[in-house]
Amino acid sequence: MQLSRTSNNLNRKSWSLVFLQTLLVLTQTVQASDDQQQQQQLQAQNPLQQQGEIKGVSPEDQHLYQPNSKGLFQCLSNPEIQIPLWKLNDDYCDCPDGSDEPGTSACGPLSRFYCANIGGPKLSNGQSGGYLPGFKVNDGVCDYDVCCDGSDELPGVCENKCDELKKQNDLLINEKVSVLKKGLASKVKTLNKGKDARFRLVAERDKLAENLKELETQLTQLESQQNENHDFVNGLFGKLDSKLAEVDGVVGKVVQREKKLDDSLSLLDKVLAGLSNDYNPNFNDPAVKAAVQAYRDFEANKGDDFISNDSENRKVGEGFSDLYKEIESLKKQVIQLSKSSESSAAAPSSTGFSLQGFMESLVSSFLGIDPPKKQNTDGGNDKGFEVADGDLDKTIKDIKNKIKSFTRELDNKNKDLEKNYGPDDILRGLEGECIVEPINGYDYKICFTDKLEQINKGGRGTLIGKFDNSELNDGVLKMHYNRGEKCWNGPIRKGSVTFQCGTKNKILAVSEPEKCEYSFVVSSPIGCFQEELDKLQNDY
Amino acid sequence: MFPNPDRMLSKLDETGRSLVAIIDPHLKVGYEVSDVVEKQNLGIRTSDNSSTFHGHCWPGESVWIDTLNPAAQPFWDKQHAVGSNFMGQAQNLFLWNDMSEPSVFNGPETTAPKDLIHYGDWEHRSVHNLYGLTVHEATYKALLANNNNKRPFILTRSFFAGSQRTAAMWTGDNMAKWEYVQASISQVLTLNIAGFPFCGADVAGFFGNPEPELLVRFYQAGIWYPFFRGHAHIDSRRHEPWVAGGEYTDIMRDTIKLRYKLLPLLYTEFYKSSQVGSPIVNPIFFLFPEDEQNYDIDDEFFFGKSLLVKPITEQGQTETLVYLPDDKIYYDFEDYTQYQGKGYHSFNAPLSKIPILLKAGTIIPTKQRYRRSTKLMKFDPYTLYLTADSDGGASGELYIDDGESFNAQNDNDFVFLKFELRNGQLSSKIIGGDSSKTFTRQLSKVRVERIIVVGYDKLPESVKVEQDGNKWEAEVLRNGTQTIIRNPSVVINKDWVISLN
């Protein structure tokens, strides 16, 4: 194909010769008779070169393509590399940053192509003009999403669709604005519900905290009462201990005396045994005979329990230390007994059982002494001791359990209050709300602030996850659900719900981008944001 | 899952991408497709030939299409026809026939019982090895019935002598382990010399979760398989290059870009293979049979005949020994470091590097523009690598056709050219095809944009270019170790000469 310089079909105000050069290179033909170097010189000298627009460069950036003092182009990020102007957009990549080829694909992803898109819809940058990565230029694909004017391809490949796309886009924007307005109106209700829910939760939390405080105070009182009872028991045993020490002294003396007696006895036994064995019967002394006979009778009849030696004494000692042990254990039992009965202290005695009476009689009967006189002067104090001690213990236990469950509840409420329920706690406005949608043979169920489920038709639901937290990123609200049922041979299920602006809550799509990780897209008023509406209304 | 397949396919088509869907020979019982198979007796039959055999496979209870039965073909055609439920209107939908051994989950050795009856009263034992071939050939014919001027793409797991005519094949369900990337190279080399050049292994292992290093090294090996695809079991973590992230993803991106860069060379090798059955990846011994020393090398190969490649297939390895089978100069394909002398040479290979050596005396065609698909590269300019031999000579080839029709075979609508360097003259001569046909005429807009000259330092400031009686000069750029003939601007579908002196 021979390209004539006047046959271009672009109605641009001026055709850059640089671009012509590009086309010439691309369509190098048999008929091209000029020596290439001559062409290059010709173009470099042509004054249009300096005035022309560089293809693929925005009007604001055109000035960057002015030649330097030597008449050369300096690569934008590598000014040490300088190339003649005819090498701009000649479909060969000279600059390491791709800046010499904004209008071709020669530098691929390094360069970017500007398309003006005159009359086209505004792009996400708020302008009509867009930037296409260099590798999308001249590949035969009309990238209308960025370049509605079709300028990313050679002339004749892509028609200009800016008007058409602008109209489509306007319709789309109008629809979006209308949905946004409706959505935002209905979002207010959810917001208010959310605020109320939070308010209620805070009130409940505070009430709970107050109750807890009361319970703790009560517990402190009861526990101090319980301690007094323990002090009494300890006091009582203290008396017991001193009496025991006395008894110990007495018993010690008794044991010593017995030992002396024993020693005397065995001495006498030896004397008599000697007499019995060694006396001369021929003397026939009736007194000796009677004494020997009496001794022998005594020996024959004294029996097995007549053991008199040190081991017997040791046994007495051991018996006494056993007694100490018994008393210690008894002490413990008494404390235990009083603990388990103290919780009902506030209640009047139902059994008439008196711990003090019991203890006093116990100790008195043990020691064989008179019971101490009741210190009956302080009625209030006495009343405490008079309380049924088993009940006190139970009451304390109950209160402790109550405090435990209240604390747990308070903890949960605090955690829930800290949980991210979206801006202004809006997601609380969806509490108790569930939606279901049949997709791909399953029913998918979202109970927003509770859980996600995948339900087999007519069967049971599989838990995908429980609501955990939410995030708002770039105007997109997303809820996360974790700790679902474990997949067979796979991970624990989890999922997320991404909101789009819509007038009603509806599941639009469910996908499983990673095994057992479900991604829901839901249209809902809570996905509508005033900022987006403002932006749309400002931009269009 | 795919509510609007037609729209999805046309969306893919906008950027020149195709889709390969999986169709297996087993058909679920109680389904309109298998109902027809049972009613019309098109399935493999029970041993007493009394009814259609039922067995188990992916969908549960299934029957198996008996593609040995000629009557199965029209039925199979109908299932694959444009406008059918399955194919819709798409022109960019191709097929993969899996489980075609056949895999029968409850059968002996997980396959069909040997006494089942096929068409013509053949027992399965007699046709077992053939069955997979008949399945993918039936699919091939079905796609041809849609459009007899479009080359079908079929991938098959079971194959037999003759499968290479109509299908690509892969090595089956491998694992994401170092042993498997090692084995994949000898497997692919074996298949290549056995006449099945269009083969590959699942990158980066079908079962299991490769750690990033293995993932990277598997891709670095995988780009040399004539059939290159990433694939994994549904229970494996995703193997896609972007999953690993960071440096790993960067390396894999560059690795895959290299594959796309080398497609003109690969396509030329495919062409030659289709003509004479030559391997595309060559074991060393296949090209140097006189050198017994290399006979047991199965981890190094020639990609075509000019690039010597030794992928790293061991964990933690950053250095390897590359065997040079002759005394020619070999250049590191990345930085043009020279290696010379028959025998082993130490080669550094950090994670980002694949040991690739360009053999002196060769000219290879590449395309270096990054695009969204191979189809969009169709009219991109070429970059040639030229390495002169010690005698100052070099040669190479390039085959080009439209990549999708039978016009090359039926109408000579292709060009096959020979590059040659002799006496300082680099030339391109068309030695096959007809450059005045529908597609080859369009190649007049395709030029050579760059010639990278390696190991030839006699180049002047500019070189003289001649094509079709016209002469001009092309600039010579020197940048470190690289010497580049900048934009010689010759079009590819006509002879040309460049004087290097």
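Me: Where does pLDDT stay under 50 in chain A?
Reply: This is a predicted model, and pLDDT stays under 50 over residues 342-353 of chain A. The model still has 42 contacts for that stretch beyond four places in sequence. Over residues 372-387 of chain A the pLDDT is also below 50. That stretch has 18 contacts in the model beyond near neighbours in sequence.

Me: And what is the mean pLDDT of chain A?
Reply: The mean for chain A is 80, with 76% of its residues at 70 or more.

Me: What about chain B, what's the mean pLDDT there?
Reply: Chain B has a mean pLDDT of 95. There, 100% of the residues reach 70 or more.

Me: What ipTM and pTM does the model score?
Reply: ipTM is 0.91 and pTM is 0.73.

Me: How many salt bridges across the interface of chain A and chain B?
Reply: The rule finds seven salt bridges between chain A and chain B. One of the salt bridges pairs the side chains of Asp94(A) and Arg486(B), at 2.4 Å from N to O. As for polar contacts between chain A and chain B, the count is 13 residue pairs, both residues at pLDDT 80 or more.

Me: How many residues of domain 2 of chain B are in contact with domain 3?
Reply: 15 residues of domain 2 are in contact with 21 residues of domain 3 in chain B.

Me: Which three residues supply more of domain 2's buried area than any other three?
Reply: Pro264(B), Tyr271(B) and Tyr336(B). They supply 35% of the area that domain 2 of chain B buries against domain 3.

Me: How many salt bridges across that domain interface?
Reply: Two salt bridges, by the rule, between domain 2 and domain 3 of chain B. Separately, Glu397(B) forms a salt bridge with Lys272(B), with the closest N and O atoms 2.7 Å apart. The rule also finds seven residue pairs in polar contact across the interface of domain 2 and domain 3 of chain B, both residues at pLDDT 80 or more.

Me: Last topic, packing. How many residues has the largest nonpolar core?
Reply: It has 51 residues. Trp224(B), Leu262(B), Phe303(B), Leu307(B) and Phe333(B) have the most contacts inside it.

Me: Why does that core lie between domain 2 and domain 3?
Reply: Because both domains of chain B give residues to it.

Me: And which residues does Phe333(B) touch?
Reply: Beyond four places in sequence, Phe333(B) touches several residues, including Leu258(B), Leu262(B), Leu307(B), Ile356(B), Ile364(B) and Tyr385(B).

Me: What does the second core include?
Reply: That separate core has 34 residues, among them Ile44(B), Phe53(B), Leu93(B) and Tyr140(B).

Notes:
Residues are numbered from 1 along each chain as its sequence is written. Chains are lettered from A and ligands numbered from 1 in the order in which they are written. Side-chain values use heavy atoms; hydrogens and water are left out. pLDDT is the predictor's confidence in each residue, from 0 to 100. A nonpolar core is a set of buried Ala, Val, Leu, Ile, Met, Phe, Trp, Tyr and Cys residues joined through side-chain atoms within 4.5 Å. Buried means under 20% relative accessible area, exposed over 50%, partly exposed in between (1.4 Å probe, protein chains only). Domain bounds come from an automatic or database domain assignment. Contact means heavy atoms within 4.5 Å. A salt bridge is a side-chain nitrogen of Lys or Arg within 4 Å of a carboxyl oxygen of Asp or Glu. A polar contact is a pair of N or O atoms within 3.5 Å; within protein, one must be able to donate a hydrogen and the other to accept it, and residues adjacent in sequence count only if both atoms are side-chain atoms. Buried area is the accessible area (1.4 Å probe) that two parts lose on being put together, summed over both.
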